[in-house]
Amino acid sequence: MDDKVLKAVYTIFLGVILALFVGLGVRTFYPPPEMPEFPIELSVPTNTEPTDEELAQQQEAQREYEIANRAWMEENEAYNRNVTTVALAASVVMLGLSLLLEKRNRVLANGVMLGSLFTLIYSIFRGFLSGDTTLTFITVTIGLAIVLFLGYRRFFQPRAQTPVEASG
């Protein structure tokens, strides 16, 4: 296989693995709230009409489940806000790392940069799940700034030639 192809594959693989590392790391060390279980008595169909007492118990179980579900949804939105913030911070750190590595190892720097972009996408997705449009807008704004900066830096800013490039 051509060396350029291997470098491209490695760059993409490194980017994916870094994004997975952040996502799974957050999930491992900051688990999401547990979703309430649907009451079994409400999901088992019966062939007989329920008595007034059974009907009252079912209604109470339904009310309790709805209250627990609403509380879980609020906790889950807060969880997604926190995950958005952590993933965004990780993305910015990886971006900084890719800029530090840029002159030393271009392939590694590109892989870390790609990981930063994938993590940024993950952060934006979690922002949408948080239900907080302000946070999502801030995340997208930071993402836009990162993408514009990277695009300018990588594709439009003149790059100093290395001695190998200058001689060949």
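How many positive and negative side chains does the chain have, and how far apart do the centres of the two sets lie?

1. The chain has 13 positive and 18 negative side chains, with 27 Å between the centres of the two sets. Here Lys and Arg count as positive and Asp and Glu as negative, leaving out His and the chain ends; each charge is placed at NZ of Lys, CZ of Arg, CG of Asp or CD of Glu.

2. A word on the source: this is a predicted model, where local features need pLDDT of at least 70, side-chain atom pairs count only at pLDDT 80 or more, and totals for chains, interfaces and linings use all residues. Residues are numbered from 1 along each chain as its sequence is written, and side-chain values use heavy atoms, without hydrogens and water.

3. You will find six helices and zero strands in the chain (DSSP runs numbered from the N terminus: H or I of at least four residues for helices, E of at least two for strands).

4. On overall form, the C-alpha atoms fill a box of roughly 90 × 40 × 25 Å along the principal axes. Of the 168 residues, 30% count as buried (under 20% relative accessible area, 1.4 Å probe, protein chains only).

5. Helix 5 deserves a look. Its 24 residues, 133–156, reach 33 Å from first C-alpha to last, close to the 34 Å expected at 1.5 Å a residue (1.5 Å times one less than the number of residues). Its buried residues include Leu135, Thr139, Ile146, Leu150 and Arg154. Helix 3 (52–101) and helix 4 (106–130) are among what covers the buried residues of helix 5.

Key. Buried means under 20% relative accessible area, exposed over 50%, partly exposed in between (1.4 Å probe, protein chains only). Contact means heavy atoms within 4.5 Å.
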